[in-house]
Amino acid sequence: MRPGGRLVIYLSASLANGPLNTRLRQALPEGDFELVLPQEFAPVHRAHPEYPRAIYQRCIDEMQRCDAGLLLLDAFGVDCASEAGWLCARGTPLVGLAGTSLRFLQHWMVKGNLSSVITTDADVDAAVASDPILGGLPRRRVAQWTEIGGALSALVEETRALRPKKEGG
């Protein structure tokens with residue numbers, strides 16, 4: 001946590017999910033969080049194969065300065081999976097946010113990178129609880145988006161001790 005108590009969170013989510021990514025930022029208490037949205041520095045008007053290396057490096061720089069990562073499990077792709085592995089390897093807490101899709105449960109390598117999970121749906125919460133990889137992780141169920149901030153703070157604090165952050169890149 002930074003001076004003043006703000007957590008810096010790197011959001012790992014599909015750039016195509018931009019409006020919901022922004023909505024998530026708006027749901028978090030501004031004084032408690034800085035949510036880094038890669039969509040704000042990635043040239044979304046260009047095709048991914050045309051992204052310059054500087055975009056990759058900016059993502060790495062932003063992940064290095066964050067206190068934790070938040071992976072939107074309903075809408076992630078290969079870039080998000082790479083970010084999840086990078087954050088895990090550095091010992092940075094990585095919280096998965098699962099809404100209404102169970103598709104993420106088939107991705108064992110992504111699940112293995114998570115340090116905790118927030119769910120917004122009772123059926124998804126039950127599936128996470130019974131999952132052989134996720135079942136033993138700290139988990140919080142929230143009823144609405146405005147509750148995500150409290151759950152996120154609690155889980156980052158709880159899991160920080162489980163994953164001591166490694167220095168360097």
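The model is predicted: local features need pLDDT of at least 70, side-chain atom pairs count only at pLDDT 80 or more, and totals for chains, interfaces and linings use all residues. Residues are numbered from 1 along each chain as its sequence is written, and side-chain values use heavy atoms, with hydrogens and water left out.

**Exercise 1. State the strand order of the open sheet, and find its edges.**

Start with the order. It reads β2-β1-β3-β4-β5-β6, six strands with parallel pairing. Strands are DSSP runs (E, at least two residues), numbered from the N terminus. Two strands pair if DSSP finds at least two bridges between them.

Next, the edges. β2 (33–36) and β6 (139–141) each have a single partner strand, so one side of each lacks a neighbour in the sheet.

Now look at one pair. Four bridges join β1 (residues 7–12) to β2. In β2, E34 is the bridge partner of V8.

**Exercise 2. Find which rings have a charge over them.**

Apply the rule: NZ of Lys or CZ of Arg lies within 6 Å of the ring centre and within 35 degrees of the ring normal.

Take W145. R23 lies over its face, at 4.0 Å from the ring centre.

Then take F41. The charged end of R58 sits over this ring, 4.3 Å from its centre.

**Exercise 3. Sort the lining of the second largest pocket by residue class.**

List the lining: N17, L20, L72, D74, A75, L97, A98, G99, T120 and W145.

Sort by class. Ala, Val, Leu, Ile, Met, Phe, Trp, Tyr, Cys and Pro are nonpolar; Asp, Glu, Lys and Arg are charged; the others, Gly among them, are polar.

Count. Six are nonpolar, three polar and one charged.

Methods:
On a 1 Å grid over the protein atoms alone, a cavity is a set of points where a 1.4 Å probe fits but cannot get out, and a pocket is an open set with protein on both sides within 12 Å along at least five of seven lines; lining residues have an atom within 4 Å of a point.
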